[in-house]
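Please read these notes with the model open beside you. Take the points in order and find each residue as you go.

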Amino acid sequence: MIHLTQNPFRILGVPVNFSDRELEKQYSNIVLYAEMGKKIEYDLDSIFSKNPHRDSIQIQEAKQSIELPPEKLFHATSWFWENSSNMIDEMAFDQIKNGNVEKAIQFWNKEIKKGINSKNKSNFKNLSTLHLGLAIQNGKFDKFHFMSGLSLLGNFLEDSYFKEYANEVLGSNHRVSLQNTSNLIIDEILNSTKPFIDVRKSENKITNKELLDCFKYFPSFLKNDISEKFINGPIHNIEKRIKTCQYQRKNGESNDGEIGIELWDYSSKDFKDIQSVLSKSDLKYQLLADKLADELLACSISHFNKNWDSSSDPGEVCFQLLKYAKSIAVGDKTKDRISDNQPTIEEYVANKSHRDKIKPLKNTFDYIYEKIDELDNSSQPTMFAKDAKSLLNSCKPKLDIIKNKLGPNDETFMDVSDRVVQSATSKCIILSNVFMEAFKEDEASLKIFVSVHYPQIVAVFNKAKIFSMSSGVRDYYN
C-alpha cells in the first residue's frame, strides 16, 4: 500500500511501541548518517519492492508525524508490530530478514487458523500488514494479498484487540478515538485501491462489490461508516448530474433525449455501486432511485413532445429512457407516471415502420393540409362553393399518389381524404345556411342561391362522391 512505503516507523527504523528516549536516540543517529551521506538500511526495508527515501527532511517529517498520539496510532496500525513476547512473530520476522517471506507467511497462517485471541492478535496484525503491503507492487494489484490482508485487519480492529494494541503503542491513559483511527486506515486503503477498482480489460482490478465484501470481517461499529464511504461519492455524483440535466432540459436549448441518455450513461456505474451497498428498502436508496427515474422520464416525455411530429424520430430514445426509469423506480408515484406514459411511447415506436413509409410523402401531405387550411380560413361565403371545388380538384391527384403508395385502406390515407371531403362539404353547408337565413328577409336571395350557388354546391358534392371516405364521413356526406 502507498502508506507503507513512507511509513514513519519504517523510515526511522523504530518499533511501534518505542519510548520517547528510544526515539530521540534513533532520530539523532539517523540524522547524523543522512548528513554524512551514509546509506541507511534496516532489516525490513527489502520486504517490499519499493524502498523508502531517507533524507534529512523526510526523517524530520517522519519524527514529527508520530509525536502526537492520534497520528502515532494511525501510522503504527499501518506498520508491523515486532512483538518480542510472541514466538511466532519472532520466527516470522527472522525469516523475513533472511529474505524468506513465504516461510514467514506459513508461520503466521498456521497460527491464525486458531482464530484471533489476545495471544495471537499480533500475528493477525502482522500478516495483515504483510498482505496489504504485497497487494500493490510495481504498480500491479494482487487481489489475493489484498483481500487476505483486509479480512485479517478487520479481525484485528475488533474493539478489545485494537484497544490492547493502542495501549501498547500509546500507554493506557491515552484518549485517542479508536473508531476515528480505524476510519483513517480505511480511507487510506480505499485511496490506495482507487486506480484498480473496476478497471476495464485488466487482470489487476477489483470490483466495488468485491471490495465491499472484504469489509464484512470488520467490526459492526464500523459497518455504517464503511457503507457511507462507498456511497457518499456516487450519491453526490448522481445528484449533481440530475441538477445539471434538469437545468439543461428546462433551459429549452438542449436535445432532451441526448442529455437523458448521457445522464444514465454517466450515472449507471455509480448507481450500481450504491445498489451493492444499500437495499431497496433503504430510504436513502429509494429517494435517489426515484429522483433519477423521474428525471429520466422527464427527459423522455419532453423529447417526445418536442419531436413526435418532426422529421427526427424520437421513439427509440424515448422508449430507452422509459426502460431505464422503469428499471430503477421504487415509489408508486414514479411507477404510475411511467405506466401512464408507456402506452403512448410504445404505440409510437410500434408505428415506426409506417412513419418511415409515409416519410417520402411528407411534401404531398403538407400540400393537402395547406389547401385545407386555406379553405377553412376563407371568409367570403359567396366564394365557398367555388373554393371547395378548387380544393377537391387540386387534392385529388395528391390523394391518388398517397393511396397508391400506402394502399386504399391505410388509416393515414383515409384520414387525410376524410378531411378534404369534410372541409369542402362543410363550406357548402355553411353557404346554404347563409342564404337560407337571408331568404327569411329577402326573397330575391333565394333566386340568387338557386341560379348561381346551388349548381356549384351540387358540383362539389358530385365531385366529392368519388373520394375515399370512412364510414362515419360517408354517413355525414350522405
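1. Start with the largest pocket. Helix 19 gives the largest share of its lining, 4 residues. Helices here are DSSP runs of H or I with at least four residues, numbered from the N terminus. A pocket is found on a 1 Å grid over the protein atoms alone, as an open set of points with protein on both sides within 12 Å along at least five of seven lines. Lining residues have an atom within 4 Å of a point.

2. The model is predicted: local features need pLDDT of at least 70, side-chain atom pairs count only at pLDDT 80 or more, and totals for chains, interfaces and linings use all residues. Residues are numbered from 1 along each chain as its sequence is written, and side-chain values use heavy atoms, with hydrogens and water left out.

3. How much space lies in the largest pocket? About 860 Å³. A volume is the space filled by probe spheres set on the grid points, which are joined across faces, edges and corners. The lining of the largest pocket has 23 residues, and Trp308, Asp309, Tyr348, Arg355 and Ile358 are the closest to its centre. Helix 17, helix 18 (352–358), helix 19 (362–376) and helix 21 (411–441) are the elements that give two or more residues to this lining. By class, the lining has 6 nonpolar, 7 polar and 10 charged residues. Ala, Val, Leu, Ile, Met, Phe, Trp, Tyr, Cys and Pro count as nonpolar, Asp, Glu, Lys and Arg as charged, and the others, Gly among them, as polar.

4. Look next at Thr412. Thr412 sits in helix 21. Beyond residues up to four places away in sequence, Thr412 touches His354, Ile358, Phe365 and Leu406. Contact means heavy atoms within 4.5 Å. Ile402 is 10 residues from Thr412 along the chain, and their C-alpha atoms are separated by 9.1 Å.

5. The second largest pocket holds about 330 Å³ of space. It is lined by 16 residues, with Lys194, Ile197, Asn208, Lys229 and Phe230 closest to its centre. Helix 11 (178–193), helix 12 (208–214), helix 13 (220–251) and helix 14 (256–275) each supply at least two lining residues. The lining divides into 5 nonpolar, 4 polar and 7 charged residues.

6. How many cavities of 30 Å³ or more does the structure hold? There are 2. A cavity is a set of grid points where a 1.4 Å probe fits but cannot get out. The second largest cavity contains about 30 Å³ of space. Val14, Pro15, Val16, Trp79, Phe80 and Glu82 line the second largest cavity. That makes 5 nonpolar, no polar and 1 charged residues.

7. Now the helix pairs. The axes of helix 16 (residues 315–328) and helix 17 (residues 332–350) come within 9 Å and cross at roughly 150 degrees. Axes are lines fitted to C-alpha atoms, for helices over the stretch in contact, and angles run from 0 to 180 degrees between N-to-C directions. Helix 16 and helix 17 are therefore roughly antiparallel (an angle over 145 degrees). Their crossing is left-handed (the near helix is turned anticlockwise from the far one by less than a right angle; right-handed if clockwise). Among the residues in contact are Phe319 and Leu322 of helix 16 and Ile338 and Ile345 of helix 17. The contact has 8 nonpolar, 2 polar and 3 charged residues.

8. Helix 3 (residues 20–36) and helix 4 (residues 56–65) have axes that come within 9 Å and cross at roughly 170 degrees. They are therefore roughly antiparallel too. The crossing of helix 3 and helix 4 is right-handed. Contact residues include Tyr27 and Ile30 of helix 3 and Ile59 and Lys63 of helix 4. By class, there are 6 nonpolar, 2 polar and 2 charged residues in this contact.

9. Finish with helix 9 (residues 143–156) and helix 11. Their axes come within 13 Å and cross at roughly 170 degrees. Helix 9 and helix 11 are therefore roughly antiparallel. Phe146, Leu150 and Leu153 of helix 9 meet Ile185, Ile189 and Thr193 of helix 11. This contact has 5 nonpolar, 1 polar and no charged residues.

Terms used: Parallel < 35°, antiparallel > 145°, perpendicular 65-115°, else oblique.
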